[in-house]
Amino acid sequence: MKQQQSSRSITVILVVVLVACMLLSIRLGAVSISLSEMQSAFSRYFTTPDTVTLNERIFMTIRLPRAFLCVLVGASLAVGGTLMQALFRNPIVEPGLIGTSSGAAFGAAMYFALGAMFKFDTGVWTLPIAAGAGALLSTILVYILSLSGQTKKNSIVVLLLVGMAVNALFMSGVGFFSYIARDPQARSITFWGLGNLSGADWTVIKVVCVSTFGCITVAMRYAKDLNALMLGDDEAMLLGVNLKGLKVTILLINVVMIAVVTAFAGVISFVGLIVPHMLRAVKGADNRFLIPNSALLGGILLTLADLLARMLLRPAELPVGIVTSVIGVPIFIYLLRRTKYII
Amino acid sequence: MKHLIGIFIASSLLLSCGRFGKKDEKQEQSERIVCISKQYNEIIYALGAEEDIVAADISSTYPPQIKELPTVGYHRALSTEGILAAKPTLILHDNNIGPEHVVQQITALKIPTKVFGKYNGDIRGTDSLIREMGAYFHKERAADSLCAILDKDMEQVLEKAKQYGDTQRVLVIHYGRASNVYLIMTAKSTAARMLAWAGGRMAVDGARGMKQMSPEVIAASDPDVILLTDFGYDRLGSLEKVKALPGIAGTKAATNNRIYRVEEHDLVYMGPRTGKVAARLQKLLHDETAAK
Amino acid sequence: MITVKNITYKTGDNTLVDDISVEFKPGIVNLIVGPNGAGKSTLIKMLSGQMKETSGMVMYGGKPLGVYTLRELAKSRALLSQNMELAFSARVSEVVMMGRYPHFSERPTTSDLQACDEAMKYADIAYLKDRDYTTLSGGEKQRVQFARVLAQIWYPEPNKCRYLLLDEPLAYLDVYYQHQLMQQIKLLRSDTLVVVGVVHDLNIAAKYGESISMIHRGKLLLTGTPESVFTEANIKEVYGVEAEILVNKGKPYICF
């Protein structure tokens, strides 16, 4: 009972901090928008859209969706990390490990370098579609290749190693495309590969919202099974866990979440790696606690990182992936040094 | 590894780009133009119409005083709020801006944008662009005189070129090199046209304006003259170092010390100074004493 | 009751378990012995459902193993092995609670909490309750695993057997705890609990086993009381060593 109380109070704290961070991120930006403009934006945007001023429109169509996108992307990345670490029973795993983000990067790079050659163009949706297709392709490739020829079982170690190999393959594909691309296109590939949240609009929010909340809801149903997996595959099975179903479902959830957010926000590293670590250091490895709270903490971290990314070089923007790496590396090393892990 | 590169890029951005964080000194102005095109920017300054320009992209480097303006960053990696922070009443661009969603956001916000006409990449086309821009900014007389100077400069260059022919084969190395692979301007580039006027021709061809080439191809092309743009040349620091590069060492250009530094912004687009640039190139190619 | 009918397990050309038929009754401690590679572990893994037999059938209470869902099975069958890994830090009480996972869906009920408390008391580890499992010694970890396995099948169910399987669980325990664990298992005996275990140490088997099955090269040699199984001739045949059988506190004692 005491335990439940303490984990509930952590959740409450995280919710409060998240709301505070969102307010901060809505308040600050290259364009200064006053509080009264924000208020009037809400009332007028829906009632009398013709009278909306530029600042009010900037607030409603750029600033606000971006704040929401930050939270959703951060939540997806962090939950993806939690799920992958639980599934692989390994604390240094991140969601990109099974090829998802490198596949997305590959799809995006192909779009930048060769997009003009192919006659498919659906406007803003072309890039996300290309990235999503790449993510799916690479993940399926990893999964099929890791089904070992002899036993047809999905060994975790083999999956990890195949993931590394396929990652290397797709990243060299990205390298190839940036090499053959013209200078501006190559710059686009680099910038996309470093993550950016400026593409937020309400349609994007709807799509990401469905994937994030849907996946987290499904993941929560498997939290207990993932806990049992801590004991090992055999022990989990003896506790009634359907191993194959669990693995396939968790991998699928991860692909959907990561492919969607990577498609809209580019490759953002370290959030998925450090968030589960931070929470585990506070309150153990119970996935029923980790999954919802890593969504909150992931949202907080990415909101803060994006705030820095927007403010540091104002009025230009840093890619947010650079900020998450710069912040993430020291935190990760600190956590690694103070925690004893069996790897 | 990827993260290390990211950190490196971030810190070098922060250290090198003094242009970020320039103060906006035109706060009170009612007409506010953000111009995201190196070519437009140079013409606007030449017309004397720069008063309303409040911010520019980071690739616009001519004339030097444009670097005093606040910048909105790289033209392919713009941020909507970054542009809007300059409170533009107009955004000028030449259709080479990105990412795509930023363009969409700007359109959705109904910020006025303008693209001037697309003309041929020759002197007549450049004249037309200068005149169109002159008319737009009500600087018709300045435009006329810019065109007159440009035309006159060009006349002289072309006249002289007749006596030289296009015997000189020139290799233009853009930007620098990465692990001994060079980014070369080909016969399809703007620079190739300027060099043709000056009485030279490109040592290499390619499907697009720029091409990555290995040292072997460079050596085989054996150019009479090598032009290296400012960034790459300055990084190496001296002629001796450039001459020692693989592929370049041993070429006629290296043997005869005919390797010259050129400004990137002179060669990648046409503008009011193009006649003078061509004249300078002509001197480099054909007048040994002047080149020294 | 566990009934084993003609089960065989083959991988490639090797037959690890060869046509074994045997019954394990509730209320007594059934132990399986045999030399290395005889097929003991394969047999117990087929009993637990971890491995699928090539032919033959394992039946729990008269029904083939295959008709039970994983979850149903998990509610009445638990296995204690020598696997003590835990991927991340967790408190001992949480590890023991994992044994109750098959019984609840969202939150543990009071009876689940009670089962854990009682199992921990029974296994003598209540004092470790709030410790981080990963910081325990090998022996302590094994006793926590025992408590987890007990919690899994703590409550008897009407008209149904529970099954406690042991897959060489004594490996990391020193002599004192080996005997303590076997004693605790023996004291669990009930009409609704089937205990089947693989043990390595013949004297432990002789001391705590009530029905001994001796297997050799994948085949069942014989099943019977310790006195009938542990004879000088059987030991010689199966283990290839000369042994003398003494009597210690009424049980056979094998002296090599």
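Two strands count as paired here if DSSP finds at least two bridges between them. Helices (H or I, at least four residues) and strands (E, at least two) are DSSP runs, numbered from the N terminus. The views below come from a predicted model, in which local features need pLDDT of at least 70, side-chain atom pairs count only at pLDDT 80 or more, and totals for chains, interfaces and linings use all residues. Residues are numbered from 1 along each chain as its sequence is written, while chains are lettered from A and ligands numbered from 1 in the order in which they are written.

**View 1. Antiparallel strands of chain C.** Let's start with strand β1 (residues 2-11) of chain C, which pairs with strand β4 (residues 55-60) of chain C in the antiparallel sense over five bridges. Look for C:V4, which stands opposite C:V58 in β4(C). β4(C) also pairs with strand β5 (residues 63-64) of chain C, again antiparallel, over two bridges. There, C:M59 has C:P64 of β5(C) as its bridge partner. The hairpin of β4(C) and β5(C) has two residues between the strands, and C:G61 takes a positive phi near 55°.

**View 2. The open parallel sheet of chain B.** Four strands of chain B form this open sheet, in the order β2-β1-β3-β4, with parallel pairing. At the edges you will find β2 (53-56) and β4 (113-114) of chain B, each pairing on one side only. Strand β3 (residues 90-93) of chain B pairs with β4(B) in the parallel sense over two bridges. B:I91 has B:T113 in β4(B) as its bridge partner. Helix α2 (residues 38-47) of chain B lies across β1 (33-36), β2 and β3 of chain B, and runs at about 130° to β1(B). For such values, axes are lines fitted to C-alpha atoms, for helices over the stretch in contact, and angles run from 0 to 180 degrees between N-to-C directions.

**View 3. Two packed helices of chain B.** Helix α6 (residues 140-164) and helix α13 (residues 274-286) of chain B pack at an angle of about 25°, with their axes 8 Å apart. That angle makes α6(B) roughly parallel to α13(B), a term for angles under 35 degrees. α6(B) passes α13(B) in a left-handed crossing, meaning that the near helix is turned anticlockwise from the far one by less than a right angle. Residues making the contact include B:L150, B:M154 and B:V157 of α6(B) and B:A278, B:A279 and B:Q282 of α13(B); residues are in contact if their C-beta atoms, placed from the backbone, lie within 7 Å.

**View 4. Chain A against chain B.** Of the two pairs of chains in contact, chains A and B share the most contacts. Here 30 residues from chain A meet 33 residues from chain B. On the chain A side, α3 (54-87), α7 (183-193) and α14 (320-338) each supply at least two residues. The residues of this side divide into 17 nonpolar, eight polar and five charged (Ala, Val, Leu, Ile, Met, Phe, Trp, Tyr, Cys and Pro count as nonpolar, Asp, Glu, Lys and Arg as charged, and the others, Gly among them, as polar).

**View 5. Chain A against chain C.** In this contact, 20 residues of chain A meet 21 residues of chain C. The elements giving two or more residues to the chain A side are α9 (223-229) and α10 (233-238) of chain A. α10(A) gives the most, with four residues. This side of chain A holds nine nonpolar, five polar and six charged residues. No contact joins chain B and chain C, whose closest C-alpha atoms lie 27 Å apart.

Notes: Parallel < 35°, antiparallel > 145°, perpendicular 65-115°, else oblique.
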